[in-house]
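Visitor: Could you walk me through this structure while I have it open?
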Amino acid sequence: MQTPDAPEPHVDRPDDAGQPALDTLLRRSAEGDRAAFSAFYDATVPWVHGLAEAMFGPGDDAAAATVRTYLTAWEEASEAGLDLSERDDATHRERQVFTWLEVLAHRVMTSLRRAGGSAAERGRRPGPAGPAPLPEDLVGRVAPDAYEAVRLAWLGGCTDREVADRLGLPADEARTLLRDGVRQVVAARRDLTQDAARPSAPAPATGPALGADVREDVDAGRTLELADLSAVHALDTAGHTAAFSAVQRRGGELARWRSRVDGARQAVAWAFRSVTAEPPSALLDEVLRRLPAQDVGMDLIGDESAPAGPPRDRLRWLKVTALLLLAALVLGVGGWTVWSQFTRPGIVHRIDQSKDLFTTSEYPAQDGGTVQAFLSREQNSGYLTISGMPQLPEGQSYQLWLYPSDGTAPASLGTYDANGFGEPITFRGLDRFAAMGISVEPSSGSEVPTSEPVVGVDLDPTAQTGPRYGGRPSTN
């Protein structure tokens, strides 16, 4: 539901005495504070659920998308990287957190929408009714047809081709219009933030006309222009991968690409801040119910369950008994198997036991060695087993990269020598990543890949290309 007069998120108003600011709540959530996370949910959920209802229509699908967004926000709160301090203006801090959450919500919801079936099936799903009038603060700053293209991408989760279909335009015209709309929204936000005088006409197009697809733009050297389409998740996975790979090859454009994507996402999230909807009252309970259980270590048994009185002796007896039983299991028949289950990383065990475990075939590396991925959407996590990689010359190492589905910069999983792959390598946030790759880098590691990957693994369990398997690993 769009409510043009809705205010921006703001939790430290004078009438909210004692309520921490959004960035404080997010930081406490990252530390595992569920009360803070509940307050964070209450302060922000109208905007998140507004986006969900715009993309899916009111009902169960929107509620499920909102829940998934907050579960992802809980997982990624520690990685927000907002670089804020108490010296920053309070309004600036709140806008930064709001933008982070809205961009995360859009990524999650777009992934859910596109994972649901064919393009024809998606086209029949509820989306933003249109065309819609321009918000008052964008009148005279953004062309109505360009705004409509951006609205379809952001509130509808549409790809560039779907935008073209909805607008009844050739692909090249629709893609250019979408790019221009994003740039005009960026300019409008900058002008309004700086209190500039209202222009008498919409901002002009800011770049060359785009082609009908990513490949045409890459071949014509228009890779930087694709950052605006990437910012609103309007490129499909293949398009994002092709565009970002081209940016990496051009070297000097990488920093500009990142800056342009980040700036555009902040501006577009701001432009649609008036889209809000109240969620079902029980939704917070569902979110909290599905948060990961908090593990209690043996050293905390006394705090959790020991009664007052002679508890120290009882606790010591429990610990000794537990250790003796564990030793007996290890030394008994099948002890090695039990030991491996107790000591293997927890995430590996949870993935192996998940009902939707997907196992890829072994992907061969260029000069020897194999990589296999074990994936679980239920756990939103995965792990990799790597073996047989050849030794590298001194001063070089293997570096693992996770490539985001939205085409932004890859995330490093660390550097390894050929002998360092004995244990599974785990990662979280499966819904954020399209592929994993291994490149050869200096021993100290690189900020971005500097060489072609020696092996790449598709992390989408629904993909139809590359080696696939899908069953459970025979070793489990």
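Visitor: Before we start, what kind of model is it?
Guide: This is a predicted model, in which local features need pLDDT of at least 70 and side-chain atom pairs count only at pLDDT 80 or more, while totals for chains, interfaces and linings use all residues. Residues are numbered from 1 along each chain as its sequence is written, and side-chain values use heavy atoms, with hydrogens and water left out.

Visitor: OK, how many helices and strands does the protein chain have?
Guide: The protein chain has 17 helices and nine strands, where helices (H or I, at least four residues) and strands (E, at least two) are DSSP runs numbered from the N terminus.

Visitor: And what percentage of its residues count as buried?
Guide: Of the 476 residues in the protein chain, 48% count as buried, buried being under 20% relative accessible area, exposed over 50% and partly exposed in between, with a 1.4 Å probe and protein chains only. Among contacts (heavy atoms within 4.5 Å) with a separation of 6 or more, 68% come from residues 24 or more positions apart.

Visitor: Let's look at packing; how do H2 and H3 cross?
Guide: The axes of H2 (residues 34–56) and H3 (residues 60–76) come within 9 Å and cross at roughly 140°. Axes here are lines fitted to C-alpha atoms, for helices over the stretch in contact, and angles run from 0 to 180 degrees between N-to-C directions.

Visitor: What does that angle make them to each other?
Guide: H2 and H3 are therefore oblique to each other, since angles under 35 degrees count as roughly parallel, over 145 as roughly antiparallel, 65 to 115 as roughly perpendicular and the rest as oblique. The residues that meet include Phe 37, Phe 40 and Tyr 41 in H2 and Ala 65, Thr 69 and Trp 74 in H3. By class, this contact of H2 with H3 has 12 nonpolar, four polar and three charged residues; Ala, Val, Leu, Ile, Met, Phe, Trp, Tyr, Cys and Pro count as nonpolar, Asp, Glu, Lys and Arg as charged, and the others, Gly among them, as polar.

Visitor: What about H3 and H13?
Guide: H3 and H13 (residues 283–290) pack at an angle of about 45°, with their axes 10 Å apart, and H3 and H13 are therefore oblique to each other. Among the residues that meet are Ala 63 and Leu 71 in H3, and Leu 283 and Val 287 in H13.

Visitor: Switching topic, which residues touch the most other members of the largest nonpolar core?
Guide: Of its 86 residues, Phe 40, Tyr 70, Met 109, Trp 154, Leu 178, Trp 257 and Phe 272 touch the most other members. A nonpolar core is a set of buried Ala, Val, Leu, Ile, Met, Phe, Trp, Tyr and Cys residues joined through side-chain atoms within 4.5 Å. H2 gives the largest share of this core, 13 residues, and a second, separate core of 24 residues includes Ala 365 and Leu 459.

Visitor: What does Met 109 touch?
Guide: Not counting residues up to four places away in sequence, Met 109 touches Val 48, Leu 51, Ala 52, Met 55, Phe 56, Ala 65 and Thr 69.

Visitor: Is Val 268 buried or exposed?
Guide: Val 268, in H12 (residues 254–271), has 0% relative accessibility and therefore counts as buried. Leaving aside neighbours within four places in sequence, Val 268 is in contact with Val 150, Trp 154, Val 185 and Val 232.

Visitor: And Asp 160, buried or exposed?
Guide: Asp 160, found in H7 (residues 160–167), counts as buried at 10% relative accessibility. Apart from neighbours within four places in sequence, Asp 160 is in contact with Arg 175, Leu 229, Ala 234 and Leu 235.
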